[in-house]
Amino acid sequence: MPGVTDFTVAVVGAGPAGLYAAEALTKGGVRVDVFDRLPTPYGLVRYGVAPDHKSIKSIARYLQRVLEHPAVRFFGCVELGSDITREELLSCYDAVVYSTGAMVDRRLGVPGEDLTGSVAATDFVNWYCGHPDAAGYSFDLSVEEVAVIGVGNVAVDVVRILAKTAEELAETDIPVAVLDALAASRVKRVHLIGRRGPAHAKFTTKEARELGELPAASVSVRPEDLELDAESLALEAADRHVRGNLAAMRAWTGPPDEGRDRRIDLRFWRAPVEITGTDRVEGLRLERTELVDGRVRGTGEFETLPVGMVVRSVGYRSVPLDGVPFDERASVIRNEKGKIAEGEYTAGWIKRGPSGVVGTNKSDAAETVGVLLSELGARPRPVTDIESVLASKGVEFVTYQGWLGLDAAEMALAKSLSRGERVKLGTWDAMRAACPPH
């Protein structure tokens with residue numbers, strides 16, 4: 001059997017999970033080729049982390065070192081299923097790791113959800129993060145009130161971006177066209193809606209406190225929404241995170257600051273039952289809820305918010321990969337500690353579901369790679385090489401050097417606009433022009 005340094009593994013997905021897997025593989029002496037359908041690496045760090053969260057986005061500098069390892073190659077603009085098949089990858093590599101994430105939104109399942117103005121948080125986040133697939137998206141920000149459904153960090157990110165002024169966002173990497181649209185926004189009031197009580201909110205205390213620090217927006221919570229039942233009191237006593245969130249929210253029970261132009265309302269114990277309107281969103285009908293034996297139940301008390309836009313942020317799900325065993329109910333690849341089948345493995349959200357923070361992917365990837373390394377050599381060696389396969393199909397890919405060209409172009413654009421470290425190009429044409437294919 002050849003030594004471990006003779007092995008090469010393909011990692012599909014250049015986000016944190018994929019790059020942490022690549023790092024662990026190189027520590028095991030394995031060569032790694034990392035594939036992504038975009039010309040850019042870093043996945044959710046680039047296209048999911050809010051542009052004003054610069055400290056989290058700095059994780060890209062750590063992941064950059066993985067891509068610069070001499071045993072790692074980057075293949076951008078190569079999509080599994082269209083540019084390269086599962087069978088072709090398996091013929092070129094000793095093993096394949098799938099780490100394509102979970103970037104499709106979950107739906108509410110209520111009437112009116114398909115009205116114009118009812119949008120997925122995934123689409124809105126992709127838009128303000130400059131994902132090239134979202135370059136043509138348009139959101140009507142001429143409305144005065146918006147409802148964001150969900151109480152996770154993504155929902156709070158959406159609220160914060162809507163509540164910030166263009167001047168506050170100018171130092172971020174938001175694309176020019178997106179910043180212009182946000183500058184023209186007429187949104188004055190944003191409602192954050194949670195089906196359960198405040199003790200069940202999933203956002204971090206840091207995210208909560210950031211809402212209270214916005215210079216142009218006041219934050220309010222109705223005192224009755226902060227009344228805690230027995231279960232919530234137990235959560236407060238046992239969980240430091242819950243205590244931090246509640247402490248932040250209790251500071252917002254007073255009257256809103258009339259000196260601020262925008263307002264954020266946190267509304268708990270309310271479930272969306274209908275998005276109203278004829279051709280577009282005109283309102284959101286909510287039902288008051290309560291917990292009975294740990295389950296949310298409607299009380300029959302309704303109200304309608306006069307919103308012109310509804311953003312749903314109630315979770316992500318993964319998309320099946322052609323030929324790879326998939327659990328539709330759990331929305332993950334079927335696996336055992338990351339192993340799918342002989343020579344096939346998975347890491348990240350598509351392995352375990354959308355849970356944890358960016359750093360969670362490191363231990364997750366380590367588990368998968370540990371299993372993979374213990375089994376290297378159990379299947380026949382590769383019979384061809386990836387560059388020959390791509391060349392035979394006319395697939396032009398972007399190398400790491402190509403990405404560095406795009407990286408430099410974005411930093412140059414920021415300098416020319418006096419707008420911080422970088423400004424994303426944000427469209428497929430501009431990105432391709434900045435990093436010509438190999």
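**Close-up 1. What covers the buried residues of helix H16.** In this predicted model, helix H2 (44-47), helix H4 (59-67), strand E3 (72-76) and helix H17 (428-434) are among the elements that cover the buried residues of H16. Cover is by contact, with heavy atoms within 4.5 Å. Helices (H or I, at least four residues) and strands (E, at least two) are DSSP runs, numbered from the N terminus. Local features need pLDDT of at least 70, side-chain atom pairs count only at pLDDT 80 or more, and totals for chains, interfaces and linings use all residues. Residues are numbered from 1 along each chain as its sequence is written, and side-chain values use heavy atoms, without hydrogens and water.

Close-up 2. Tyr400, Gly402, Trp403, Leu406, Asp407, Glu410 and Ala414 are buried (under 20% relative accessible area; exposed is over 50%, partly exposed in between; 1.4 Å probe, protein chains only). These residues lie on the same side of H16 because they cover an arc of only 160 degrees around the axis, taken from the directions from the helix axis to the C-beta atoms. Gln401, Lys415 and Ser416 are exposed on the face turned away from that buried side.

**Close-up 3. The length and end of H16.** H16 spans residues 400-417, 18 residues in total. From first C-alpha to last, H16 reaches 26 Å, close to the expected 26 Å (1.5 Å times one less than its number of residues). Just after H16, serine 418 has a positive phi of about 55 degrees.
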